[in-house]
Amino acid sequence: RVSPLQSVRYLRFNTARPPFDDPRVRRALSLLVDRDVLVTRIMTGGERAALRALPAGLPDDLLPPDNPLAAGTPASRVAEARRLLAEAGYRARRPAPVLLRVPAGNGDDLCLAVAAMWTAAGAPARIEQSEIKSMIADLRRGDFDVALTGAQDTPTVEAYLERFRRN
């Protein structure tokens, strides 16, 4: 029997570390991720783009509200992201590339694509792979910029939200 896996992968920003403490920077980087490109060209296993913390299809699933991450065209989202980065003084505050952490052997292509999207729009990014135990320890210590994390196979919306809040 084949059935869909209910999971979500997301980029976790370290909001205690500048410039990620500025919501404009986080919003801009989120706008720069073309989720449709990720699910059609990078993750070719039938995944669906998500614009929220919960994957579609869970019990008590509600339709997502209007979401600015899906509004307009990809070009208009990039323009808005560049405006937000400039407004936040991003280049002056953060001359070094964004360090994007990924578990070794898990999400490499996905993170390379995201890093390319950010870099092309003026927010240079670099990938750093870590063994999962080391990465979890770094996440707990707050020793990261942005990290690929996720959750899966949670039976209820409440349990899924609880797992998401802990991460």
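What follows is a working chat about a predicted model of one protein chain.

Trainee: What am I looking at, and what are the ground rules?
Mentor: This is a predicted model, in which local features need pLDDT of at least 70 and side-chain atom pairs count only at pLDDT 80 or more, while totals for chains, interfaces and linings use all residues. Residues are numbered from 1 along each chain as its sequence is written, and side-chain values use heavy atoms, with hydrogens and water left out.

Trainee: What is the average pLDDT of the protein chain?
Mentor: The average is 82, and 76% of the residues score at least 70. pLDDT is the predictor's confidence in each residue, from 0 to 100.

Trainee: How do H1 and H3 pack?
Mentor: H1 and helix H3 (residues 74–87) pack at an angle of about 155°, their axes 8 Å apart. Axes are lines fitted to C-alpha atoms, for helices over the stretch in contact, and angles run from 0 to 180 degrees between N-to-C directions. H1 is therefore roughly antiparallel to H3; angles under 35 degrees count as roughly parallel, over 145 as roughly antiparallel, 65 to 115 as roughly perpendicular and the rest as oblique.

Trainee: Which residues make that contact?
Mentor: From H1, Arg24, Val25, Arg27, Ala28 and Leu31; from H3, Arg77, Glu80, Ala81, Leu84, Leu85 and Glu87. Contact means heavy atoms within 4.5 Å. The residues divide into six nonpolar, no polar and five charged. Ala, Val, Leu, Ile, Met, Phe, Trp, Tyr, Cys and Pro count as nonpolar, Asp, Glu, Lys and Arg as charged, and the others, Gly among them, as polar.

Trainee: And where do H2 and H5 stand, at what angle do they cross?
Mentor: The axes of helix H2 (residues 35–42) and helix H5 (residues 108–120) come within 11 Å and cross at roughly 140°, so H2 and H5 are oblique to each other. Val37, Leu38 and Ile42 in H2 meet Asp109, Leu110, Ala113, Val114 and Met117 in H5. That contact has seven nonpolar residues, no polar and one charged.

Trainee: What is Val146 in contact with?
Mentor: Setting aside neighbours within four places in sequence, its contacts include Leu11, Phe20, Val98 and Trp118. Leu11 is 135 residues away along the chain, yet the C-alpha atoms of Val146 and Leu11 are separated by 6.3 Å.

Trainee: What about Glu128, where is that found?
Mentor: Glu128 is in strand S3 (residues 125–130) and counts as partly exposed at 29% relative accessibility. Not counting residues up to four places away in sequence, Glu128 touches Leu99, Leu100, Arg101 and Val102.

Trainee: Which peptide bond is cis?
Mentor: The one from Pro18 to Pro19, with omega near 0°. Pro19 is in the loop between strand S1 (7–13) and helix H1 (23–31).

How values were computed: Helices (H or I, at least four residues) and strands (E, at least two) are DSSP runs, numbered from the N terminus. Buried means under 20% relative accessible area, exposed over 50%, partly exposed in between (1.4 Å probe, protein chains only).
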